[in-house]
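Here's a quick briefing for anyone opening this one up for the first time. Have a look at the sequence and the model, then come back for a short tour.

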Amino acid sequence: MVSDEEFSTLEGRVRELEDKLAIYQLIASYGPSIDGGAVVEAGRLWTDDAWYDSDAPTAGSDGVHGRAGIEAVAKMCGEMSVGVAHITHLPIVSVDGDRATAVGHSNTFHQDAGEFHIARVASNRWDLERIDGAWRVRRRTNRILDGSAESKAVLAEGLRDAQEADHIR
Amino acid sequence: MVSDEEFSTLEGRVRELEDKLAIYQLIASYGPSIDGGAVVEAGRLWTDDAWYDSDAPTAGSDGVHGRAGIEAVAKMCGEMSVGVAHITHLPIVSVDGDRATAVGHSNTFHQDAGEFHIARVASNRWDLERIDGAWRVRRRTNRILDGSAESKAVLAEGLRDAQEADHIR
Amino acid sequence: MVSDEEFSTLEGRVRELEDKLAIYQLIASYGPSIDGGAVVEAGRLWTDDAWYDSDAPTAGSDGVHGRAGIEAVAKMCGEMSVGVAHITHLPIVSVDGDRATAVGHSNTFHQDAGEFHIARVASNRWDLERIDGAWRVRRRTNRILDGSAESKAVLAEGLRDAQEADHIR
């Protein structure tokens, strides 16, 4: 006979898997939201008070602030007449209740005179929050991988936190 | 005491997770099937009447048709004497019964005189169907990300559909 | 009424999903471990007797051996003063008890005089093992995708094995 406790333990494991896949879905949605110029859909991926904390020159001196700021980026990319692609690679994901983090690489491809080139390669930490049942980005830290200690620390600290959460020793 | 209904609800959630991972597996299989020249294995990823609806010059004027068409692409790539890589990035996945869609970026790397360069960056929508218990590609829409409205619409519409299915507002 | 057998079957399906996501997490951790210079965390991803069997010139004549060898690679990358990124793309994953394989593409981006370029594109087979409850890499086979039969076979054989395990015909 299956006890309520056994069932509820299994349900918790299923919920954790659902959370992880929902976070993959969120991370996978970023690039299409921007490169597709999907303004409203892009905004929804972020919290109202989101901060895209990026050192990309196009992100201004202090990154992009708020859902409105993100929507403006999607609008601008949607209006570009040359190719641009924002790629986010398979991240390390850690879930803790209604908070989660995702850590990994990203790069952009830009088209110029018909040829594609790599415009930027960066390290990323996504601080996520579950709001109204959906995972959203509260802060994305994005640092160009140029050999700086700061850009490496984003990856190293993110991995360290994830291994601790996963009890990997 | 656990009711049949509770159990069956949980089983449905597990099945949805299994579907999503099976679709990741399918999408992840495309590149290796082509670049590995795995002719039979490449064909199996697609339905008999598949359509690889691509605007790549190498795909002809109307894309690649049928499982046999896909097998021919795998055969050709398998015989190439220089490096070629078909990369599919983490997609947005939506499942609806025996149908599903996957939306995201892809790019190719080609080798020329020992150096790798980016041959193509594209937006993609994969229309999938479960046949004989396995997910297969019925149609893949692939548009070069060159700033065209059509290439952006593939991403924007795919994201919109997925957010609607996931009840994200 | 839910029988113990039904419950245990469902639990087995959940465990398989957990294994697959744990393997995604492991594969996603490789790049950050190296590019972040996270020496100890990098080593933990591998078994003590690991073999990074790579034909990259930087890997020496016979690849990198042992956890200590991997740690040395992470240390070296962590000390580089220019940008370097190790990207692992969404893999095909097959689990068989406490063993698993992951197959797919990887590429590196290097920075030179402020510009990023593609240093290497390769095919990969990761032979994984569950040790002390955590998935670790026992051997990673990595071959430059230069048109060689060997580099293609890594992908083709990996896909073949995965389709056989998944009963895809």
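Before we start, one definition: two residues count as being in contact if their C-beta atoms, placed from the backbone, lie within 7 Å. Keep in mind, too, that this is a predicted model. With that cut-off, look at contacts in chain A between residues at least 6 apart in sequence: 56% of them join residues at least 24 apart.

**Chain A on its own**

- Chain A is built from 4 helices and 7 strands.
- Walk along its sequence and you get the pattern α-α-β-β-α-β-β-β-β-β-α.
- Chain A has 169 residues, and buried ones make up 53% of them.

**How chains A and B are related**

- What does it take to superpose chain B on chain A? A rotation of 120° with 0.0 Å of shift along its axis does it, at an RMSD of 0.0 Å.
- The two copies are therefore related as by a three-fold rotation axis.
- The copies use different surfaces, though: 17% of the contact residues of chain B recur in chain A.

**Where chain B touches chain A**

- This contact takes 30 residues from chain B and 37 residues from chain A.
- On the side of chain B that touches chain A, α1, β4 (92-96), β5, β6 and α4 (149-165) of chain B each supply at least two residues.
- Which element gives the largest share of that side? That would be α4(B), with 7 residues.
- By type, the residues on this side of chain B split into 16 nonpolar, 7 polar and 7 charged.

**Where chain B touches chain C**

- Here 36 residues of chain B are in contact with 29 residues of chain C.
- The elements of chain B that each supply at least two residues of the side touching chain C are α1 (4-35), α2 (39-44), β3 (84-88), β5 (99-112) and β6 (115-131).
- On this side of chain B, the largest share comes from α1(B), which brings 16 residues.
- Sorted by type, the residues of chain B on the side that touches chain C come out as 18 nonpolar, 12 polar and 6 charged.

**To take away**

- In chain B, α4(B) gives the largest share of the side that touches chain A, while α1(B) gives the largest share of the side that touches chain C.

Terms used. Residues numbered from 1 in each chain as written. Chains lettered and ligands numbered in written order. Predicted model: local features only at pLDDT ≥ 70, side-chain atom pairs only at ≥ 80, totals over all residues. Least-squares fit on C-alpha atoms with pLDDT ≥ 70 in both. Nonpolar A, V, L, I, M, F, W, Y, C, P; charged D, E, K, R; others polar. Buried ≥ 20, exposed ≤ 12 C-beta atoms within 10 Å, placed from the backbone.
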